[in-house]
Structures are given as structure tokens and as C-alpha cells.
Number of protein chains: 4
Amino acid sequence: MKETYIKELRQINPSNAVLVEGFPGLGLVGKIAIRYLIKQLKAEKFAHLYSPHFPYFVLVNKKGNVRLLRGSFYFWKNESGQNDLILFTGDSQAQTIEGQYEIAGQMLDFAQKYAVKTIVTIGGYRMEAKGKPKVFAAATSHELLDKALQAGAIVSASGSPIVGTAGLILGLARFKNIGALCLLGETRGYLPDPLSARSVLEVLNTIFNFNVDLTALNEEIAKAENMLTRLQKIEEKRALQAEEIRREEDRKTTYIS
Amino acid sequence: MKETYIKELRQINPSNAVLVEGFPGLGLVGKIAIRYLIKQLKAEKFAHLYSPHFPYFVLVNKKGNVRLLRGSFYFWKNESGQNDLILFTGDSQAQTIEGQYEIAGQMLDFAQKYAVKTIVTIGGYRMEAKGKPKVFAAATSHELLDKALQAGAIVSASGSPIVGTAGLILGLARFKNIGALCLLGETRGYLPDPLSARSVLEVLNTIFNFNVDLTALNEEIAKAENMLTRLQKIEEKRALQAEEIRREEDRKTTYIS
Amino acid sequence: MKETYIKELRQINPSNAVLVEGFPGLGLVGKIAIRYLIKQLKAEKFAHLYSPHFPYFVLVNKKGNVRLLRGSFYFWKNESGQNDLILFTGDSQAQTIEGQYEIAGQMLDFAQKYAVKTIVTIGGYRMEAKGKPKVFAAATSHELLDKALQAGAIVSASGSPIVGTAGLILGLARFKNIGALCLLGETRGYLPDPLSARSVLEVLNTIFNFNVDLTALNEEIAKAENMLTRLQKIEEKRALQAEEIRREEDRKTTYIS
Amino acid sequence: MKETYIKELRQINPSNAVLVEGFPGLGLVGKIAIRYLIKQLKAEKFAHLYSPHFPYFVLVNKKGNVRLLRGSFYFWKNESGQNDLILFTGDSQAQTIEGQYEIAGQMLDFAQKYAVKTIVTIGGYRMEAKGKPKVFAAATSHELLDKALQAGAIVSASGSPIVGTAGLILGLARFKNIGALCLLGETRGYLPDPLSARSVLEVLNTIFNFNVDLTALNEEIAKAENMLTRLQKIEEKRALQAEEIRREEDRKTTYIS
């Protein structure tokens, strides 16, 4: 394997398809969103993306079976007659600069093959925010951006970078005459963040009228919040102990002077 | 040398050959296992693998002769009429991601040339375990995995990665219609671990009926245990001294306060 | 995108053009100088340079629009009939050695296409100097160097390196029969340094009789000086506090002994 | 410039030529030796080697002229009718693994073009030795090694690596049917070491009967020794001061307890 390539597992006949990409990144926002859509819509896998720029290990599944790191494309036929969906997520982003450009480029070629006119990339945006996570939008055209804003997203701060595949796809899309929109959910970033993914999915739902039911995400959100609470308690306890040790030492110092 | 290439030193005519790979890795489990098989079976070297992705130095032998880092293929004709063996080990793994994919790919092409149907890769699995090292197995097919389990191996934990050539060969094997099995021996990983290699060789022996006598490994195992005991004593002594210094300092502190 | 490439946005018909390059580097001297020339001369953008060796993120502008990192070429028709100008700056230098060589090479090919006979590269030279920043010059020919010296530049110290695109263009220029001159303005390097850029632009003005009015740079220089003064005050305050803490601790130690 | 290439400046007609390589490395032993030979023999430059794997900066000479990092080949016609000499040194080794293999490979191709049968590579060998630096030898054939041993070199320790171009040329030479010998002079390695270079040149002189007068190296050796003595004095002084501070603090501690 000298370069990134896409292996198709079966034929699809998409009509007016939108490609939605969500590689792992900050808070796993993109990956959680795509996995939820796949499960909820019962989208079917139809292609794999392999690359020598992924990390050089393989993964073992619970049956002792082994596979390369890869990306996977899923297809959902929209029975309403509106946009079909091609969903993409994967195990890991490329590990080199050149690999990042190569993978984003290959995904665009693949989108073109299926006459995709619009790509949405999903990621996280690091922010120590409270309340419902906001969704930042950036796009290759005003039309796409406006749709996102009308659906509740806000404009990214000027000059802010969008790192990795989610960004490069937008950057390279204009050379292929494909419109691309990036939706970034606010996230602290260090833990899987389904709450942020839900915010992004709400915007996506509104833009494309997908009517995906998001209630099943609530369980995952509750789990993540429990996890966070537990970690915060551990951290608080650790901080208290550190404070106590510091005071103890202060007392000693006081005795001396 | 622009890419990895294999230089054949002589012709072989393998029949129903199994390729067993053991590059250096954790605890040198793979390399120790392969070297033992080569010695015990008197397998003969028939090819070298060179790569510009190996480290950029050469090695001097005791006669002042010099050679590139490389991998070596050995051949053993199985007089019992069952599987012949092609054994592979080397000085070092590739130093770049792309090199790792390239070398694993070249080895599979080479296996295909000799109509190899089954590849076994050997490595170590980091574990602070006691007693006889277990052997973890992962495979590209249920048949291969089952053979390993029946021979005493256990299934790798789901989601655990297999890093380097031992893993990538399995990942890439399915594109070549070659079955591949990975056997990982438990090892602490920081010292050469012939005990772990013996566990792996027992499983291999059973799967393929090679009947390789493993008793000659015992001497190496005893040496490794002596080495470990010596290192542990040094470490204990060091820890005791550190403790003494700490107490000494505590006493001083007590005088002060 | 497998390699660096230049996308032309419109036709230009340069006559006896000089290409002036200023990628970001020490003190942003090159980038500030080029941006000032573009603004002052109302030069028009006519081409973009893209590369898979730039960092793998994209930038969002204030309208939520997204673009790849890139370099940009601007054209200025010199109404005086003397040298036309092609100006170049960009977001970032290449991130790999090979990328650095590739981009410098592509820029030279592009210059050759427009029959450019002279290239000037601009950068910063790290120096803790006071007063008006000096301009160091190095060139591929004595004629070019002499022009710079007559315009007030001084010769770079022998053996000193010129790092990045500003240097490689000179190194590679001789293979293309293009004359190249490098002008490096003295700068502390850690803050944008328009004062250093002005020194360089004065030399450039004199060499090519561009008569570019530099007074509009003064405002930027004043801002940078304010910024520097503020940072120095913060630093002085921090140093004073550290000194006070140290003395406080000294007093305690004195009480003890 | 996509790959390493060699630009010939003039024709040479070598007869039975030996190529001697000395890139910068430990103690600059190879570079000092080659530069001395060039000067002493008045060898003439006839080719340059350029590579996109060298560091990405250029060098300014005292006239303000600029050049890429490069290697240079020099030719010496041996009037005695014995081996002619092709000498090679350069500014820097390649910065990537693949670049190291590429440059060593290109040098061998170039040697083959001129029917070179023997290559000698020179480098340093890190050792805290006293007295006259020894010379370690390694070779691709017993004949070459024996010549070096008879000339006073000793065999390298088995298993020791030879890093960089000096090693890879030997490793790759056997694929080109060229004999190659590596001579490594003992050196502490952190300062230019003409004393070590002289040891190597004595061995080289003896092997090939070059009769190069080495007395002119003595001045450089004296300078290097002065430099070393000065540095050692500075270091001793610094150590004394540190010791004094430590004692001062011990006294304080004593007062306390």
C-alpha cells in the first residue's frame, strides 16, 4: 500500500447525496455524531478507506479478529426523496502533514464520483463553556453558511484555524466545485462529549430536514456527565489533600522562623 | 535504494510453506523464537530484505566486516511431508509509518510468490504477569484462531492494538488472500524474554506439528532469570539506600521543628 | 494535492519584473514589508501557491469563509517604465525540509515563466541591537550585492546561515540563471517588527527607484513600540516581585542560622 | 530539486582512482582529514552534490555570496602512476533516514561512473581515550581490512554501529561490487579533533603509499589543544565555585541541626 485508497464493498446509487465526515478529534464530537447517525438511520457500510499514513498498528476485535486502521463510508437512502446521506468516520486521522492532505483529497475525489454537491465536516472546538454547547460554522459559500446560521449555528471567530481533515476538506473542496460546511461543537475536548455532538446534530437535522430522533443520545450524555462528575470529585479530593500538605508544611516553617 | 527490496541468495522450492515472522519488539520475543527455530531446525538463509526505512547505520561483525541492517529469510524443508517453513527475522523494524506499511506489504508479496497460504507473526504483549507466560492470539480467520486456541493460546483483549510489522502483516494479509495468525507472548518487555518465546513456540509446535525440541531454550531462560535476579537485587539495594537517606533527612527536619 | 502548485487567477504581462518574496519568519519582517508594498502600490493578486507541506489546518475569515494556507502573488505595473513588481507573501513556510526545497524550486520556475531576472528575498536577522535596524545583504552576484551596499545595506557575517525560503531561493537561483538578493533586517525576532521592515524597504526603494512612500509605516511602528513598552513593563514588574520574594526568603534563612 | 544530484563542473580522467569520503561527524575527523588532503595535494574541485535532504538553509561567504549546502568532489592526479584520488567532503549529512540512504547510493553510482574500485570512508569513534588516538577499521573484504590492520589500524568492536554516510557507503558498496573500507579515529567527539584526523591519515598514507606530508597538521593540532586546555580551565573553575557554594550551604545546615 503506497497511498491512501478506497475499497468499495458494494454498489450504491445515491441521489443528491450529502457526505458527512467525522474523524476522531477534540471530544470525539465528529465520531460520536457520525456513529449516532449510522445507528439511528441504520445506514449501511459500503466502502473502506485505507492509508499508509494511519498509525502502524492493527486492532483486535472481541472475536480475536484483526483489521487495519481505516475509515468507513456508510450509505443511507432517504425515503423522503430528499438528500441521501453518505456518512464517514474512522479510527484515526493521518499522522503526517502530507497524509492529511492526501486523505482529504481522496475523500473529495470519492465524493465527486458519487456526484456529491455538499460535504459537511464535524469536529470539536475547545472552549471552557457552560450550558448548552454552541455550534460554530464555517463554509466555502455564503449559501451553506447561511443555512447553518439559520439552523442555530454561529460564525467561527475570524482567523481561528480548523485543524485536520475537517478543515482540509473545506480548503480543498473549492478545487472540486463541491460546497463544504464545517460544524464545530463547543467542547472541553479531553473526554468524549456526546452533549456537544447533540448540538451539532440538531443543526444538521435542521439544515437538511433529516428528522433524526436525538433522544437516544441522552443516555450517552448522562453517562458522560456521570464520568465527568466522578473525575471532578477525584480531582477535588486530590486538590484538598495537596492543600492540607501545604498547610502542614507552612506550620513547620512557622515553627522555625 | 529507493524502496524496500528483497534480494534472493538462492532458489528454494517450498511445498505448502508457512511463513513465521519475528522482528525485534517487546522482550525480543519474536526474534528469540525465530532464532531458536533457525538454530534447532538448521534452517538455511535464502534471502535478505533491505530497506531505506531502517535506521541509517551499519553493523560491524567480529571480523571487522560490515553490513546494512536487514531482515533475513530462512528455509526449512519439512521431511515429514507436512508444512515447510520460511522463517524471518531482522535487526530492526522500519523507523517511519510509511516504512512499516511498505515492509509488511513487501513481505506479503514475497510470501505470495512462494504460494504461502499461512503467515504467523510473533511478538510480545506487555504484562506484569507471574508464572508461565500466556500466549495471546489474533487472526484473519476463525479457522486459524481456533487452531491457536486449541493449542493453548487465549484470545487478545478486544480493542487492544498490535503494533508494528507483526500487526500490519495481519491487517494487510486479507488483501492478498493469505491467512495470518499473530501470537503474542506475555512479557514485561524491557529485557530479552526467552521464557515468553518458549510459550509461543509451544503453541506453534502444537498447531503445525513441527515437533521442535524446546529443551535447548532452558539454558537461555536460566541465564535471563539470573540477569533479572541480579538487576532486581541492584534495584532493591538502591531503594534501601534512598530510604535511608530519606530517614536521615527526616531526622534533621525533626531536630529543627 | 501531491505537490506544491501555483494556481493563476488572471493573466499578467510583466515587463522586466522583479520578484520580491517575504514569507513569515523572524519578526515577520518579510511579511510586513510585502504587505506594506501591496497596500501602498495597490498591487493586484494574480496567483496562489498551495502545498501539502504547509501545516494541515485551514483559516476562517470574518465572514465564516474558509481557505487553505497558501502563498499569494501580487502584480504591480510600474508606470515609470522601470521594473514591474511581483510581490509574494504567505501564511506559513513549509513544515518539512523537502517541502522547503520544493516550494523554493517552484517559485523559481514560476519566476522563469515571467522572465524574471532578479529576485529579492526579505527576512529578519536576530540581533539585540539598538537604534535604527541595519540591513544585511547577501546575493548570487557581485553586481546585485554592490547595488544593495550602495543603498545602505551591509554584508552579512561570513558563514552565517539564511534559513528557510529566503535562503533557499538564493541557493537554487543560480541553477536557473536568475540573480537573487537577500535583505535581512535586524530584529529581536519575537514580535512583529515594522521598524526593521522599514529599514529593508528603504534599501529596496533605493536599489530599484520604486519611490514607495514609507511614512504610512510609522503608525504601525508606533503601535509595535507601545506593545513592546507594555510588555517590558509587565516583565519588569514580574522581576521586581520575584526579587522581593527572594529577599523575603533570605530574611527567613537569616533568622534560622 | 526532487532528489540528490551531482553536478559536474569539469571532466576528469581518473586512473585506478580511490574515493575518500569525509562528511562532518564526530570530532569532524572525516572533514578535517579530507580538507587537509585537498590542501596538501592541491586537489581540484570537479563536482558538487546537492540534496533536498540537507538542512534548509544557505551559507553566506565573506564576500556576501550565497550557496546551498552541498558536498564537493576533488580530484588529484597521482604523478607516481599509482592510485589517483577523488576526495569528498561537505557541509552536512542528510537530515532524514531516506536521505542518508539516497546520498550514499548516489555517491556509489558516481564512483562507479569513474570505475572506482575502492572507497575509504573516514569518521570519528567516541572514546575517552588518552595518548595517540587509535584507528578502528571495518571493511567489505578481508583484503581491504588486512591492509588497514597492517597499516596500524585495529578491528572495530563486534556489533558496534557505524552511523551515517561513512557506514551506509560500506553497507551499500557490496551491491555495486566496490570494495569499501571505513577508518574511524578515536575522539571525544565534541570538539574538532585534528589529532584524531592525523592518526587516520597516517593509516591512509601507509595503505596507499600517498606520501602526504602530515607535518602541516601539527599547527592545527596545537591550536585544538590550546582550545581544549582553555575550556578545561574554565570548567575546573566552574566546578570549584560550585563546590564552594555547596560547602557554604553545608555549613548553614550544620548550624541549624
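Two strands are taken as paired if DSSP finds at least two bridges between them. In this predicted model, that criterion applies across a chain boundary. Three bridges join β11(A) to strand β4 of chain C, residues 57-60. The two strands run antiparallel. Within this pairing, Pro161(A) stands opposite Leu59(C) in β4(C).

The relation between the two copies was examined next. In general, two copies of a chain are related by a rotation about an axis and a shift along it. Here a rotation of 90 degrees, with 0.1 Å of shift along its axis, superposes chain A on chain C. The RMSD is 0.0 Å. That is the relation of a four-fold axis. The copies meet through different surfaces, because only 4% of the interface residues of chain A are also interface residues in chain C.

Other chain pairs are not in contact. Chain A and chain D do not touch, and their nearest C-alpha atoms are 10 Å apart. Chain B and chain C do not touch either. For chains B and C, the nearest C-alpha atoms are separated by 9 Å.

In chain C, helix α4 (residues 165-173) is mostly covered, with nine of its nine residues buried. Among them are Thr165(C), Gly167(C), Leu168(C), Ile169(C) and Ala173(C).

Helix α5 of chain A has 15 residues. From its first C-alpha to its last, α5(A) reaches 21 Å, close to the 21 Å expected at 1.5 Å a residue. Of these 15 residues, 11 are buried, so α5(A) is largely enclosed by the rest of the structure. The buried set includes Pro194(A), Leu195(A), Ser196(A), Arg198(A), Val203(A), Leu204(A) and Ile207(A). Asn209(A) follows the helix and has a positive phi, near 55 degrees.

Helix α5 of chain B covers residues 194-208. Its 15 residues should span 21 Å at 1.5 Å a residue, and its end C-alpha atoms are 21 Å apart, which agrees. α5(B) is mostly covered, with 11 of its 15 residues buried. Ala197(B), Ser199(B), Val200(B) and Leu201(B) are among the buried residues. Asn209(B), which follows α5(B), has a positive phi near 55 degrees.

One residue of α5(A) was followed in detail. Ser196(A) lies in this helix, which runs over residues 194-208 of chain A. Ser196(A) counts as buried because it has 34 C-beta neighbours inside 10 Å; the cut-off is 20 or more. Leaving aside residues up to four places away in sequence, Ser196(A) touches Gly27(A), Val29(A), Gly124(A), Pro133(A), Gly185(A), Glu186(A) and Thr187(A). Leu231(A) is 35 residues from Ser196(A) along the chain. The C-alpha atoms of these two residues are separated by 19 Å.

Conventions
Residues are numbered from 1 along each chain as its sequence is written. Chains are lettered from A and ligands numbered from 1 in the order in which they are written. This is a predicted model: local features need pLDDT of at least 70, side-chain atom pairs count only at pLDDT 80 or more; totals for chains, interfaces and linings use all residues. Helices (H or I, at least four residues) and strands (E, at least two) are DSSP runs, numbered from the N terminus. Copies are superposed by least squares on the C-alpha atoms of residues with pLDDT of at least 70 in both. Two residues are in contact if their C-beta atoms, placed from the backbone, lie within 7 Å. A residue is buried if 20 or more other C-beta atoms lie within 10 Å of its own, exposed if 12 or fewer, and partly exposed in between; C-beta atoms are placed from the backbone. The expected span of a helix is 1.5 Å times one less than its number of residues.
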